[in-house]
Amino acid sequence: MNLGPAEIAIIVLVILLLFGGKKLPELARSLGRSMRIMKSEVKEMQNDDEASKQPQQAPQAIEQAGYQPAPQQQPVQNQYNNPAQNNNQQ
């Protein structure tokens, strides 16, 4: 289905008659925004697909490298950071 210049001109003319000159910029902006949103969502879906494939391979590589997670450290309590404790001590 090839559209020539004459068919495109007729389509543009019909759109102008239906929507009018004032509505066309709003329509074009809306169409552009929706296309950008759709494009970003497609990229996110592709990134999600790639990310779901990577974790299956990553644990094997980590185990082969001999990775050990760091032990959990207890938070350090500083007597100078808490004014309520300083008042009780005085």
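## Burial and surface

In this predicted model, buried residues account for 1% of the 90 residues in the protein. The protein exposes about 9000 Å², and carbon and sulfur atoms supply 57% of that area.

## Helices and the annotated region

The protein contains two helices and zero strands. Helix H1 spans residues 5–65.

According to an unreviewed UniProt entry, residues 6–25 carry the annotation "transmembrane region". In the model, the chain over residues 6–25 is 100% helix and 0% strand.

## A nonpolar surface patch

Several nonpolar residues form a surface patch of about 970 Å². Its members are Leu3, Ile8, Ile10, Ile11, Val12, Val14, Ile15, Leu16, Leu18, Phe19 and Leu27.

One of these residues, Ile8, lies in helix H1. The relative accessible area of Ile8 is 42%. Because partly exposed describes values between the buried limit of under 20% and the exposed limit of over 50%, Ile8 is classed as partly exposed. A patch member needs over 30% relative accessible area, and the 42% of Ile8 is given above.

With a relative accessible area of 49%, Glu50 is partly exposed, since the exposed class begins over 50%.

## Summary

The model has two helices and zero strands, and 1% of its residues are buried.

Key
Residues are numbered from 1 along each chain as its sequence is written. This is a predicted model: local features need pLDDT of at least 70, side-chain atom pairs count only at pLDDT 80 or more; totals for chains, interfaces and linings use all residues. Side-chain values use heavy atoms; hydrogens and water are left out. Helices (H or I, at least four residues) and strands (E, at least two) are DSSP runs, numbered from the N terminus. Buried means under 20% relative accessible area, exposed over 50%, partly exposed in between (1.4 Å probe, protein chains only). Accessible areas come from the Shrake-Rupley method with a 1.4 Å probe; for residues, only the protein chains shown count as cover. UniProt positions are given in the numbering used here, feature names are shortened, and annotations may be inferred rather than shown by experiment. Patches are made of residues with over 30% relative accessible area and no salt bridge: like charges are joined within 9 Å, nonpolar side chains (Val, Leu, Ile, Met, Phe, Trp, Tyr) within 5 Å. A salt bridge is a side-chain nitrogen of Lys or Arg within 4 Å of a carboxyl oxygen of Asp or Glu.
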